[in-house]
Amino acid sequence: MTETASNPSPFRQSLLTALLALTFGFLGAAIWSYAGLADNRTRAYLMDNPSVLQDVAEALAAEGARKRLASVKEELYTPFPGAVMGNPQGSKVLVEFTDYNCPYCAGSFQDVMQLVSEDPELKVIMREWPIFEGSEVAARMALAAAKQDRYQAFHTALFERGDTSPAGVEAAAEAVGLDMERARTDAISEEVSVELVRNLTFAQSLGFSGTPAFVTGDTLLPGAVGADRLREAVTEAASGAASGASTAS
């Protein structure tokens, strides 16, 4: 049967109720729905403005992502040893999922480095997520570099060189002074393999579909959002954390 303004589908009706729940609280939404206060004018408005329903769907998806984040947050914010940019003890924390063959990650690399240079309190936890073809060798060597406390140097060198071939990865590793024998062994270790699987699991749990992707506080930022948005989100997360700590004390 064709859907009309006077007879919306159950899906649209549930989304409308969800919109009211988000706006007025679930009790108010229930009263609105079950008391029959959802008159035809409101339904007609939603039919004429479907973007409202899209906004609701996105809000519900975001809420689901925040709940999933809560279930993995402690592990997500615990970095692979050494896989950190900026200040390892920083009070402001940003998590980045990255891939060395992702062109948008190359742009975000510049954004992150800008933030690191601006803020000595910024700690960037790096999550190697090699989803592009040919990226796994680079990701493994990056984690091997982390085990020698040379992650940031290697990460920078590889993005600046732009050569992610096996030879290019080795050249970048040698250029930043890695113990190559140890690095080659670490790169193929079970520890590194487990980390790559963990990062994939984190990304899927959070609903990310590609790189780059960021998390700070309870905010998820898929895509290359730019330095300004990252700075804003990190500042908000830090403020929220400080406020929560103050309330708790």
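Start at V72. At 11% relative accessibility, V72 counts as buried, because the cut-off for that class is under 20%. The model on your screen is predicted. V72 sits in helix α4, residues 50–76.

F202 is 130 residues away from V72 along the chain, yet their C-alpha atoms are separated by 7.4 Å. V72 touches F202 and also L206, leaving aside residues up to four places away in sequence.

**Zoom out: the whole chain**

Show everything as a cartoon. The chain has 11 helices and 5 strands. It runs to 249 residues, and 41% of them count as buried. Now consider contacts with a separation of 6 or more: 74% of these join residues 24 or more positions apart.

**Select residues 136–146: helix α6**

Is α6 enclosed or open? Of its 11 residues, 9 are buried, so helix α6 is largely enclosed by the rest of the structure. Colour the buried residues: A138, A139, R140, M141, A142, L143, A144, A145 and A146. Next, look at what covers them. The cover includes strand β3 (122–128), helix α7, α8 (166–175), α9 (180–187) and α10 (190–205).

Keep α6 in view. Two packed helices are described by the angle between their axes and the distance between the axes. The axes of α6 and α10 come within 10 Å and cross at roughly 115°. The crossing is right-handed. Show side chains at the contact. From α6, pick E136, A139, R140 and L143; from α10, pick V192, S193, E195 and L196. By class, the residues of this contact divide into 4 nonpolar, 1 polar and 3 charged.

Select D149, in the loop between α6 and α7. At 66% relative accessibility, D149 counts as exposed, because the cut-off for that class is over 50%. Check its backbone too. Most residues other than glycine have a negative phi. Phi of D149 is positive, near 55°.

**Select residues 151–161: helix α7**

Which residues of α7 are buried? They are Y151, F154, H155, T156, A157, L158 and F159. These buried residues pack against β1 (84–86), β2 (92–98), α5, β3, α6 and α8. G162 follows α7, and its phi is positive, near 75°.

Look at α5 together with α7. They pack at an angle of about 135°, with their axes 10 Å apart. The two helices are therefore oblique to each other. Their crossing is left-handed. For the contact, show C105, A106, F109 and M113 of α5, then Q152, H155, T156, F159 and E160 of α7. By class, the contact of α5 with α7 has 5 nonpolar, 3 polar and 1 charged residues.

**Last stop: P212**

Find P212 in the loop between α10 and β4 (213–216). Now inspect the bond to the preceding residue. Most peptide bonds are trans. What joins T211 and P212? A cis peptide bond, with omega about -10°.

Terms used:
Residues numbered from 1 in each chain as written. Predicted model: local features only at pLDDT ≥ 70, side-chain atom pairs only at ≥ 80, totals over all residues. Heavy atoms only, no water. Helix = DSSP H or I, 4+ residues; strand = E, 2+ residues; numbered from the N terminus. Buried < 20%, exposed > 50% of the residue type's maximum accessible area, 1.4 Å probe, protein only. Contact = heavy atoms within 4.5 Å. Axes fitted to C-alpha atoms, helices over the stretch in contact; angles between N-to-C directions. Parallel < 35°, antiparallel > 145°, perpendicular 65-115°, else oblique. Left-handed = near helix turned anticlockwise from the far one by under 90°. Nonpolar A, V, L, I, M, F, W, Y, C, P; charged D, E, K, R; others polar.
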